[in-house]
Amino acid sequence: MRGRIAAVLLGVCLLCTSCQATPTPATREFTALDTLCSVKIYDGQDALLDKAVGTVTEYEALWSRTMENSDIARMNAADGEAVTIDENTAELLEQAIAWSNATDGAFDITVAPCKELWEAATDVPTDEALAAAKARVGIDKLKTAPWRLTDGAQLDLGAIAKGAIADKVCERLLANGCTSALIDLGGNITAFGRKPDGSPFRVAIADPLDPSRTVLTVEAADVTLSTSGSYNRYYELDGVRYSHILDPSTGRPVDNDLRAVTVIARRGADADALSTACLVMGFDRAWAFLQTLDGIEAIFVKTDGAVITTDGVVTV
Ligand code: AMP
Ligand code: MG
């Protein structure tokens, strides 16, 4: 049977709620980054909606793998040659390299050849095909000075770009005097500041198996909540669903004791990279890894339905 990638929009999502006293925000909903996005501004700075959306599209044009002339597309097409990239791209690639090293490769922006193999597959890839794709994967193949890719490596920032772009939107809002907003980039939720009454935003974490249900609701201020799940986007081969998140150590889709992980961090890029990494690691390894980090909280939804949070998660 033909393989296909399917996306259940909002299969793993975060639902924003606000208390009755919160004024209606100026809201813009739009499609970008291959997903549904929205920006809500709560402090009357409605004119900033255009700037917020413009920031998303500006960085998408820089970091998309598929948009011609993006920094990432140019690096992927350079056939090993050095490429001049924007300083913001260089900064994000440095962050991605750091998270790849810190997670022992669970997070790896060079996993693209394996992803392409599964995306194009009409049957489960053979060991030989997987080995050939895996030979092109490894963060050591991304060279920094000058920027270039070796050994057929390819970049895909899909696991960190949404969080990083949310950070850029926040910078823009802050520079323009905004103090209160919610940014949703395909289920990556950023609580920028607090509600106008000074209380934290409330963000509901959806049940990955039934997004109409909430597993819990948390308080959030000046943080991004990034969710990675095995069930919201998947490849289907012979009626079997395979996660769109790959374990770079095997080149195979993740299949472990986690259904979804939400990571909460001040920096969106960190939340995004770490939610992907934790999903790859599985619960025990991810839990132990998070103990080594400061200021990072997480909500795990296990395949047996258990919901486990780190100590600093404030539930409502
Ligand atoms: P996210 O939804 O943030 O977990 O990102 C998932 C996307 O990142 C996938 O659709 C792939 O494009 C890419 N990806 C898959 N596995 C990994 C991985 N282990 N490390 C980094 N990026 C990955
Ligand atoms: Mg991610």
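Residues are numbered from 1 along each chain as its sequence is written, while chains are lettered from A and ligands numbered from 1 in the order in which they are written. Because the model is predicted, local features need pLDDT of at least 70 and side-chain atom pairs count only at pLDDT 80 or more, whereas totals for chains, interfaces and linings use all residues; side-chain values use heavy atoms, with hydrogens and water left out.

We may begin with the charged pairs. The whole structure holds 10 salt bridges (a side-chain nitrogen of Lys or Arg within 4 Å of a carboxyl oxygen of Asp or Glu). One of them joins Arg28 to Asp50, with N and O 2.9 Å apart. Since Arg28 belongs to strand 3 (residues 26–32) and Asp50 to helix 1 (residues 48–63), this pair ties together parts that are 22 residues apart in sequence. Helices (H or I, at least four residues) and strands (E, at least two) are DSSP runs, numbered from the N terminus. Arg28 is partly exposed, at a relative accessible area of 29%; here buried means under 20%, exposed over 50% and partly exposed in between (1.4 Å probe, protein chains only).

A further salt bridge pairs Arg65 with Glu116 at 2.8 Å, N to O. It links distant parts of the chain, with Arg65 in the loop between helix 1 and helix 2 (71–77) and Glu116 in helix 4 (residues 112–120), 51 residues apart. Both ends are partly exposed, Arg65 at 22% and Glu116 at 31%. Lys115 forms a salt bridge with Asp156, the closest N and O atoms being 3.3 Å apart. Asp156 lies in the loop between strand 6 (147–149) and helix 6 (161–175) and Lys115 in helix 4, so parts 41 residues apart in sequence are tied together. Asp156 is buried, at 14%, whereas Lys115 is partly exposed, at 21%. Through shared partners, salt bridges join Arg65, Lys115, Glu116, Glu119 and Asp156 into one network.

Helix 4 also has buried residues, namely Ala112, Pro113, Cys114 and Trp118. The buried residues of this helix pack against helix 5 (127–134), strand 12 (233–237), strand 13 (240–243), strand 14 (246–247) and strand 15 (252–253). In the loop between helix 4 and helix 5 sits Asp123, which is partly exposed at 45%. Leaving aside neighbours within four places in sequence, Asp123 is in contact with Leu237 and Asp238 (contact means heavy atoms within 4.5 Å). The C-alpha atoms of Asp123 and Asp238 are 7.4 Å apart, although the two residues are 115 apart in sequence.

Ala159, in the loop between strand 6 and helix 6, and Thr276, in helix 7, are 117 residues apart. Thr276 is buried, at 11%.
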